[in-house]
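Hello,

Here is the structure we talked about handing over. Please look through it first; my notes follow below.

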Amino acid sequence: MAWVYLAIAGILEIVWAFSMKQSDGFTRLGPSLVTLVAMAASFGLLSLSMKALPLGTAYMIWTGIGAVGAFVVGVVVLGEAMSAMRIAAAVLIVCGLLLMKLASPV
């Protein structure tokens, strides 16, 4: 279950990053509330996953899912720039996540 908790926590990190962007500096109530709730849930699930997973593994996977996911949402939903260098950076992050998962004892 630790990996499931971690995956959901990573998805919620994408949610709160996107809703934070939509909150316009916490000046819009709806997106601000979504940000805070998603943050709390993400942190809570991350902490549950850390009961079974090593700190470095859990934190790296969590931040990696959030970073790559936020990049994809930025490009697809918000129309942010996509370049070969940005794609290469995201691919390298995903490769690092896969290696960390393969190296994990759990």
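How many aromatic pairs does the structure hold? It holds 2. Rings of Phe, Tyr and Trp (its six-membered ring) pair if their centres lie within 6.5 Å; planes under 30 degrees apart count as stacked, over 60 as edge-to-face and the rest as tilted.

A word on the source before the details. This is a predicted model, so local features need pLDDT of at least 70 and side-chain atom pairs count only at pLDDT 80 or more, while totals for chains, interfaces and linings use all residues. Residues are numbered from 1 along each chain as its sequence is written, and side-chain values use heavy atoms, with hydrogens and water left out.

**The rings**

A pair of aromatic rings is described by the distance of the centres and the angle of the planes. One of the 2 aromatic pairs joins Phe-43 and Trp-62: it is tilted, at 5.5 Å centre to centre and 45° between the planes. Phe-43 lies in helix 2 and Trp-62 in helix 3, so the pair ties together parts that are 19 residues apart in sequence. Helices (H or I, at least four residues) and strands (E, at least two) are DSSP runs, numbered from the N terminus.

Is Trp-62 buried or exposed? Trp-62 counts as buried because its relative accessibility is 5%. Buried means under 20% relative accessible area, exposed over 50%, and partly exposed in between (1.4 Å probe, protein chains only). Phe-43 is partly exposed, with a relative accessible area of 44%.

Tyr-59 and Trp-62 also form a tilted aromatic pair, with 5.6 Å centre to centre and 45° between the planes. Both residues lie in helix 3, 3 residues apart, about one turn of the helix. Tyr-59 has 44% relative accessibility, so it counts as partly exposed.

The charged end of Lys-101 sits 4.3 Å from the centre of the Trp-3 ring. The cut-offs here: NZ of Lys or CZ of Arg within 6 Å of the ring centre and within 35 degrees of the ring normal.

**The chain as a whole**

The protein chain has 4 helices and 0 strands. Its pattern along the sequence is α-α-α-α. The C-alpha atoms fill a box of roughly 45 × 35 × 15 Å, taken along the principal axes. Of the 106 residues, 33% count as buried.

Contact means heavy atoms within 4.5 Å. Of the contacts in the protein chain with a separation of 6 or more, 66% are between residues 24 or more positions apart. The chain exposes about 6200 Å², and carbon and sulfur atoms supply 78% of that. Accessible areas come from the Shrake-Rupley method with a 1.4 Å probe; for residues, only the protein chains shown count as cover.

**Helix 1 and what follows**

Helix 1 covers residues 2-22. At 1.5 Å a residue, its 21 residues should span 30 Å, and its end C-alpha atoms are 30 Å apart, which agrees. The expected span is 1.5 Å times one less than the number of residues.

Buried residues in helix 1 include Leu-6, Ala-9, Leu-12 and Trp-16. What covers the buried residues of this helix includes helix 2 (29-49) and helix 3 (55-76). From helix 2, Leu-45 touches Tyr-5, Ile-8, Ala-9 and Leu-12, not counting residues up to four places away in sequence. Leu-45 is buried, with a relative accessible area of 17%.

Helix 1 is followed by Asp-24, whose phi is positive, near 55°. Ser-23 is found in the loop between helix 1 and helix 2. At 0% relative accessibility, Ser-23 counts as buried. A polar atom of the Ser-23 side chain lies 2.7 Å from the backbone oxygen of Met-20.

Which residues does Ser-23 touch, not counting those up to four places away in sequence? They are Arg-28, Pro-31 and Ser-32. Ser-32 lies in helix 2 and counts as buried at 8% relative accessibility.

Best regards

Key. Polar contact = N/O pair within 3.5 Å; in protein donor to acceptor, adjacent residues only side chain to side chain.
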